[in-house]
Amino acid sequence: MRRRSRLLRGWTALVLLVALQIGLAESAHASPADTSAAARTKTATPIKHFVTLMQENHSFDNYFGTYPGADGIPQGTCMPVEPYDKDGRCVEPFRVTGRPVVDLGHTGNIHKAQYAGGRMNGFISAFAGQRGVGDLAMGYYDDRDIPFYWNVADDYVLFDRAFTSAAGGSIWNHFYWVTGSPGNRKEDALLTKGFDHVPTIFDRLQAAGVDWKFYIQNYDPSVNFRNPGSGDKASQIVWAPVLNYERFLDDPELRSRIVPLDQYFTDLRNNQLPAVSYIVPSGASEHPPGSIQAGSRFVRGLTNALMASSAWDSSAFMWTYDDWGGWYDHVKPPEVDKYGYGFRAPALLVSPYAKKGEVNHTTIDFTSQLKFIENNWDVEPLAKRDAAANDISSAFDFAAPPREPIVPSEQRHVPAPPAPATWIVYTLYGLALAAPVLIMGFSRLGPRLRQQALARGRS
Amino acid sequence: MVAIPGVFLRVWHIDSLGVNSDEAVYAGQAASLAGDPELSPFFPIFRAHPLLFQGMLSVVYHFGGVSTLAGRLMSAAFGLGTVVLLYFIGRLLYDRRVGFVAALIGSVMPYLVVVNRQILLDGPMTFFATLALYLMARFAQSLQPVWLYAASGVLGLTFLAKETSILLLGGVYAFLALTRTITVRLRHLVIASAIYLAIILVYPVTVALSGASSTGRNFLVWQLLRRANHSWLFYPSVVPVAIGIPVVLAAIAGLWFLRKRSAWQEKLLIWWILGPVIFFEIWAVKGYQYLLPIAAPVAVLAARALCAIPRRVSIRRWRLSGTALFLAATTVTVSWLLLTSVVKIMPATAGTAFLAGTGGVPGGREAGQWIDANLPKDSQMLALGPSMANIIQFYGHRKTYALSVSPNPLHRNPVYEPVNNPDLAIRHNNLQYIVWDSFSAERSPFFSENLMKYTKRYHGEVVHSESVLVDTPVGKVEKPVIVIYQVRP
């Protein structure tokens, strides 16, 4: 009998063991590997894909002036409406949400008037002659307006000493972004003959055999410096400097690298993201009075797609703003040469190697990105500015393994649900479970106790 | 002996398929109770049902970590407990042989086997219901009120396992009221009712003390106003097959041929069956596993019939050995049940019906795990229906909405969050993926068509798919069952 029960126990244990073994077997999945040509190119850092995007027209204080831990709007700031009137009215920075926004001027002359010889007190008076501007330059946005950007800053890197390269507008700054120089050294304007005499980072990369692409949102290939277009289309050749070069238009190999933005998503999906990607927007540039939320969603779409791709583990995505847009910024830009720096603009870096939630205080400008590209892919500097610039490597932590992608939310400070009082559940359900056991226990013990009591009574 | 097939059928390939929607919810609730940080955001503790089973499972999760295998094994353990109770009920009501046969039937019955292999509340509920049946039988036999109190307490636990078991009270009331030989004093009945009430109050009290009263109220309103999900033919066509046709026939035959020997025992078993059957046949909302508590009394009635075959049977000129006939009938019945159970739990066939409660969902776990391993954290997705959304949330740890969840609060389960404007959500980059699945598509082609429109409208690109092999006239063909699209504005 005992032997049989032992045998039974053995069989049961065996059945259980086999079933457990089968049950525990799980299929494993590996992340798709990055098989792009860029992944095979030798680099100085783990970054195999560098993506840079240039948005439009916001100063650092305009977007992050109230961001905790950043060099934001100082306490007690009040901008004089008339700088030379000591007893005159002044305007404190205010949240601009709800007010109509116009395209503030952002030319070299406006910059100069706002800079006011280093006094930094001309941010309102610079627009004295313009109707409908008033004190708008002192307006700022915060996390209620651009929650995604603030969430990115919380999770990745925000640069609070990122200066625009030139104390001027879009053209100089975009040329600094790709050539390390202003392009047109005489004025902040395009040249009708083109810029073939100015080397670009793409020339360097092409010569070194490093894969690159220039992605343009709503790209119209017919619009270039030979046919500048008009209206909104005209901005295409300002924001994409490569469209001002004979060689980039006429050389089929080079031209094939200037592509519509849809190609960015296709390249990510097909494991073909190049080593260096430049992106310029069209409708979602955040250029006032355009919707900053639309711009934020545009950027989110680009970073989300990168995070979902095989390139993520070896990528860095940086975006910044081509000029300050006429908005107030309290930091006096350093003078590095006769072109700049200009006022600060927001700059953010998203990468699996980016330090988490760091406000980076390194002084950088647009050429710092060139410097990083040059160092990483071992190509020569383009000009004095990028040769001398700080690069952005202090924002990375290459000693740590790449971080898992986390899609920053479009909501800010989502309240965590109240922690449920689990002890209530355990206590009450535990008591309920014990109740029938106690009743049954009583059914056994009760009669016995009564008998014992009766016996005691008799004795 | 009886336990061996019972154990085997309940644990063989038990985790070969991923969890289905209901399992995901209960395991998720248990994980939330255990404080699991990955599942807590997706599975609030207070959703629909009481938390007895989830609470017990959470203790396992607290010490051993969250695993579907542990949940399913715990459910299987309750199932084996039911088998043991069947033996004791059969022995108590009739004799040891009936107890043995009833337990044997219970251990291989497809209805019990299939449900016991899943993290569902119905297995534990059936265990407590069967225990209450045993205690009621003890009361009916001895008329000692303590057994009535114990039965009330266990019926209370049955409610805390799943509140639908309140229907068993109808059967208990009918049995006590209509059985002349059983007399109950009003005082005893009041005490028993008080015990029952005190125990079931745990459910609303925990909900209220945890500040989730509105959840409970909303769920109740929704349950009362839910649309019918099956016709009245659902149970007649599904449950007898799940219990086993020979078992049902044997039970009915026994009741007819042995009607002269009928006493309170049969009344107890019949009323235990009729309470839930009558209610759920009338009630618009039906579910495969809702009638599981009747499996135990049906098994006992069938065992009683099989064991009542006389020692010698004469049919016209044929004289047969009754023992051989009993062995043959029992063997045929048990073999029938065993084969049906094996077919139902084989990995190749399990889960293909996609009838809620019948098994896991092929590809669901694999799709969820792929999402967890490959898609960015905090990315959000849109599935076709809430069932797949639950599975994706459980394995994929990503917020998943369901297109078929109505924006009208009267037409949706209050725990589900609708996407009022999917276009806007995709345009705002708040939804980055769309998950289509063939199971939900089969049930709601309208929403399937709409979901596919979003994939076309928003540059949907397939990033992953899960397939199953299906038989076709040209041989086995891989058919995609779950497809994940990346979408962008």
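In chain B, residues B:S21, B:A24, B:V25, B:A27 and B:G28 of helix α2(B) touch B:P386, B:S387, B:N390, B:I391 and B:F394 of helix α19(B), where contact means heavy atoms within 4.5 Å. This is a predicted model, in which local features need pLDDT of at least 70, side-chain atom pairs count only at pLDDT 80 or more, and totals for chains, interfaces and linings use all residues. Residues are numbered from 1 along each chain as its sequence is written, chains are lettered from A in the order in which they are written, and side-chain values use heavy atoms, without hydrogens and water.

**Helices α2(B) and α19(B)**
- Helix α2 (residues 21-33) of chain B packs against helix α19 (residues 386-396) of chain B at about 45 degrees, with the axes 8 Å apart.
- Axes are lines fitted to C-alpha atoms, for helices over the stretch in contact, and angles run from 0 to 180 degrees between N-to-C directions.
- Helices (H or I, at least four residues) are DSSP runs, numbered from the N terminus.

**Chains A and B**
- The contact takes 46 residues from chain A and 59 residues from chain B.
- About 4,500 Å² is buried between chain A and chain B, and carbon and sulfur atoms give 68% of that area; buried area is the accessible area (1.4 Å probe) that two parts lose on being put together, summed over both.
- Three salt bridges are counted between chain A and chain B, each being a side-chain nitrogen of Lys or Arg within 4 Å of a carboxyl oxygen of Asp or Glu.
- A:R269 forms a salt bridge with B:E461, and their closest N and O atoms are 3.3 Å apart.

Notes. Helices (H or I, at least four residues) and strands (E, at least two) are DSSP runs, numbered from the N terminus.
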